[in-house]
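Biologist: I would like a close look at one part of this model. Please take the ligand site and then what lies around it.

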Amino acid sequence: MADHGDRVDVEQHRADVAELLAPLADRPQEVVPLHQDVLGRVLARDVTAPGALPRFRNSQMDGFAVRAADVAPAAPGVPVTLPVAGDVAAAPGEPAPLEPGTAVRIMTGAPLPAGADAVVPVEDTDHLTFNGSADTSGGGTVAVVRPRTAGEYVREPGSDVAAGDVVLRAGTVLAPHHVAAAAACGITRLPVLVPVSVAVVSTGSELVPPDGEPGPGQVWDANGPALEAAVRAAGGRVGLRVSVPDDPEVVRVALERAAALCDLVLTTGGVSQGAYEVVKDALPEVTFRSVAMQPGGPQGLGQVGGRPVLAFPGNPVSAQVSFVVFLRDLLRRAGGLPPVDRVTAVLDGAVASPPGRRQLLRGRWVRDDAVAGTPRVAVVGGPGSHLVASMAAADVLIDVPAATTTLEPGAEVAVWPL
Ligand SMILES: Nc1nc2c(c(=O)[nH]1)N[C@H]1C(S)=C(S)[C@@H](COP(=O)(O)OP(=O)(O)OC[C@H]3O[C@@H](n4cnc5c(N)ncnc54)[C@H](O)[C@@H]3O)O[C@H]1N2
Ligand code: MOO
């Protein structure tokens, strides 16, 4: 691993965080009602169909249920004419059996009468359409102009899924089409993984809550809402979100409470070289180190109250970048979600970078539909760790290796999608 003096290599810190958080991957399960927020949840085990789908033989078309043998001689100009014995709609109940040599009107999804083995679409008869003809009494005739083979336009029971077959696989990230399949099978509850529960603790006496009014020297708490959103976007759940002043005793109490409530404690602020580094002061058992990256240099990791704790720097861009680089994929994997792959891109301009620290510059995709191939990316905003609006304009973090001091336009870089 590269030598960064006293600074810890980014990959080393990533590995240490991964080791600390490894137990989080052992997720418990819970059962949630289908209609209650299952979207985006991860299925904990295979779900099998309690019965076959379709549940019963039914028609695929609006038309006439027949015996295929009865219409076998039909041809254009030589129709087979059958008496119409009745009408079957997609409605509760079981239709009467079909007598040989007769037809019944049948609607899409309606149960096929016993004895019928094919459906002739209404367009292939002299009726052309049933629109405007709600006659359910039967009577009259139908002239069929094309032959049918047995099974045509018939939906067989179990042709979608058989009873006992897997209908949804463990690990599926639930989307509307999975809800449809479960509902069609009569499944009302699904077993899902319990998301990692995270406590988000912002520190700083200067912070006011999002709905507060900042006075002199005060700022709105950006990290609390940002990390809450980041945790949720990565499939986690925020069990507690608090903002605490720069008082180590108050911070300690808050962190112990956070540890009692959640699987993982995240803090921001109070980890650098200032006079009031409350997280450092409140957590003597935690390792604080300087990681060779910018933003996100000062980092802490360890345990509080038997729970893992990660201490991120307070600068809002640093806190967000720390989440992306050190936590996002671990949280996603623990909750059963796929990681967000890094992408190779081509730089749309030159970049200068100070040596010794891996830079994570904010970048934006350069859309140029005329040019196929590797996507292009341009730096947006400056490198300052307080530039939240510039970060909001970014699509990606551009990863500039620690040893690199200049990159020419056209250079290939790795980027982290935001
Ligand atoms: N002498 C040194 N000073 C600093 C160093 C250093 O190595 N030597 N490191 C710098 C770097 S890099 C960073 S990053 C910051 C990290 O500082 P802290 O983690 O101790 O954070 P604070 O001092 O509490 O706050 C820094 C900055 O961020 C604002 N902040 C904090 N929390 C929030 C929040 N929840 N929402 C919005 N803004 C927040 C805070 O007001 C400060 O402006 O230290 C550098 N200094
Ligand atoms: O490393 Mo700090 O996180 O530059 O702003």
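Biologist: How many residues surround ligand 1, and which are the closest?

Modeller: This is a predicted model. In it, 26 residues surround ligand 1. The closest are Asn223, Gly269, Ser272, Pro313 and Gly314. By type, the shell around ligand 1 holds 15 polar, eight nonpolar and three charged residues. Two helices each supply at least two residues of that shell: H4 (223-233) and H7 (316-334).

Now the domains. The assignment gives four entries for the chain: domain 1 (10-27 + 195-334), domain 2 (32-51 + 166-193), domain 3 (58-155) and domain 4 (343-417). Between the C-alpha centres of domain 1 and domain 3 there are 68 Å.

Next, the packing. In soluble globular proteins, nonpolar side chains tend to be buried together. Here the largest nonpolar core has 64 residues. Val201, Leu255, Val265, Leu266 and Ile398 touch the most other members. Helix H7 gives the most to this core, ten residues. Helix H7 also supplies at least two residues of the shell around ligand 1. Domain 1 (10-27 + 195-334) and domain 4 (343-417) each provide at least three residues of the core.

Take Ile398 in detail. Neighbours within four places in sequence are left aside. Ile398 is then in contact with Leu361, Gly363, Val377, Val379, Val413 and Val415.

A second core is separate and has 21 residues. Among them are Phe64, Leu112, Ala118 and Val154.

Terms used: Residues numbered from 1 in each chain as written. Chains lettered and ligands numbered in written order. Predicted model: local features only at pLDDT ≥ 70, side-chain atom pairs only at ≥ 80, totals over all residues. Domains from an automatic or database assignment. Near = placed C-beta within 6 Å. Helix = DSSP H or I, 4+ residues; strand = E, 2+ residues; numbered from the N terminus. Nonpolar A, V, L, I, M, F, W, Y, C, P; charged D, E, K, R; others polar. Core = buried A, V, L, I, M, F, W, Y, C linked by C-beta atoms within 7 Å. Buried ≥ 20, exposed ≤ 12 C-beta atoms within 10 Å, placed from the backbone. Contact = placed C-beta atoms within 7 Å.
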